[in-house]
Amino acid sequence: MCCDGGGAEGYHAGADGMVKLINVTEYMIKKIIFFSILAVMAISCLDSSYNASYQVAATFEVNAEFNEDSIYYEQMLGVSNVFFLNKCDENGEFGGLVLSQAHNLHTDECSPYSVYDTSAYADSKVFMLYFDNPVCMPDHDIWFTQAASGTCKPTGCLVHNTTRVVGAVKDNFTDGDWLKLTATGYLNGTQTGTAEIYLADFRESKDSIVTTWTPFDLQALGSIEYIDFDITSSKEDGIVPKNFCMDNFYASVSITSE
């Protein structure tokens, strides 16, 4: 694995609530400062209180230099004050949410970063990949940076299995097995709610595997600062990779300054 993610673009909501394309800076500290400054400028330029409400619609269609594995990652990839996080260490290990444009329907020869499909959702090119690496993961997976002055209420996203997950499930699951994705929201250090979806379900004589882009309702999380993902399985032996694909993340955001 390589930590060279190249350059990319991200998004930010302006004072009018519209989503605007901006450059993502090179290092994490610079990114935090840059986006914080933009938020303060939008608020401080008004004499009265500032209130902006808008819908986040993250489709992940960015112009980026993807590496030879068809993935791209920086420590923070943002859209309208909502950031998708990953981590990379000095040994080239990485984990968390990264951008991918790899796809493959052949489970015998496939990249660990490919979706089990012919493309991202609606024939788009790029999707978000959750790559669970036990030796290198960020503290959280999604971060709403303006929790101190606003609210972020996720409404949903689309999820899909990676090609390797589909192959591992087909080869190893029997009656009673299952693979579940759980999203947990946090605000001020307190859990706000959870949402679950089965990526594979062989319980009660079922034979179900997610093999299309599937809606994942996140409204139960409520107002959040962070979202953490967790993948559990009836086979906790490493046979099935703990990865999934995500596209079209939606949330309702409101920011207020007195």
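Two rings of Phe, Tyr or Trp, the last taken by its six-membered ring, are treated as a pair if their centres lie within 6.5 Å. The close-ups below show a predicted model, in which this rule gives a count of 15 aromatic pairs.

**View 1. The rings of Phe84 and Phe249 form an edge-to-face aromatic pair.** The ring centres are 5.5 Å apart, and the planes stand at 90 degrees to each other. Phe84 belongs to strand β6 (residues 82-88) whereas Phe249 belongs to strand β16 (residues 243-257), so the pair ties together parts that are 165 residues apart in sequence. Both partners, Phe84 and Phe249, are buried.

**View 2. Tyr73, Phe94, Tyr113 and Phe131 are joined by ring pairs into a cluster.** One of the members, Tyr113, is found in the loop between β7 (94-100) and β8 (127-131). Although Tyr113 is a loop residue, its relative accessibility is 5%, and because buried means under 20%, Tyr113 counts as buried. The C-alpha atom of Tyr113 is also separated by 9.0 Å from that of Tyr130, a residue 17 positions away along the chain.

**View 3. Charged side-chain ends sit over aromatic rings at Trp178 and at Tyr198.** In the one case, the charged end of Lys180 sits over the ring of Trp178, at 5.7 Å from the ring centre. In the other case, the charged end of Arg203 is placed over the ring of Tyr198, with 4.1 Å to the ring centre.

**View 4. Ser70 and Glu204 are non-glycine residues with positive phi, each placed in a loop between two strands.** Ser70 has a phi of about 65 degrees and lies in the loop that runs between β3 (50-58) and β4 (71-72). The relative accessible area of Ser70 is 23%, which makes Ser70 partly exposed. Glu204, for which phi is near 50 degrees, is located in the loop between β12 (190-201) and β13 (208-209). With a relative accessible area of 72%, Glu204 is exposed.

**View 5. Cys136 is shown with Cys88, whose sulfur is the nearest cysteine sulfur to that of Cys136.** A disulfide is a covalent bond between the sulfur atoms of two cysteines, and the structure holds zero disulfides. Cys136 itself counts as buried, at a relative accessibility of 2%. Another cysteine, Cys152, is likewise buried, with a relative accessible area of 1%.

Methods:
Residues numbered from 1 in each chain as written. Predicted model: local features only at pLDDT ≥ 70, side-chain atom pairs only at ≥ 80, totals over all residues. Heavy atoms only, no water. Helix = DSSP H or I, 4+ residues; strand = E, 2+ residues; numbered from the N terminus. Buried < 20%, exposed > 50% of the residue type's maximum accessible area, 1.4 Å probe, protein only. Phe/Tyr/Trp six-rings, centres within 6.5 Å; stacked < 30°, edge-to-face > 60°. Lys NZ or Arg CZ within 6 Å of the ring centre and 35° of its normal. Disulfide = S-S within 2.5 Å.
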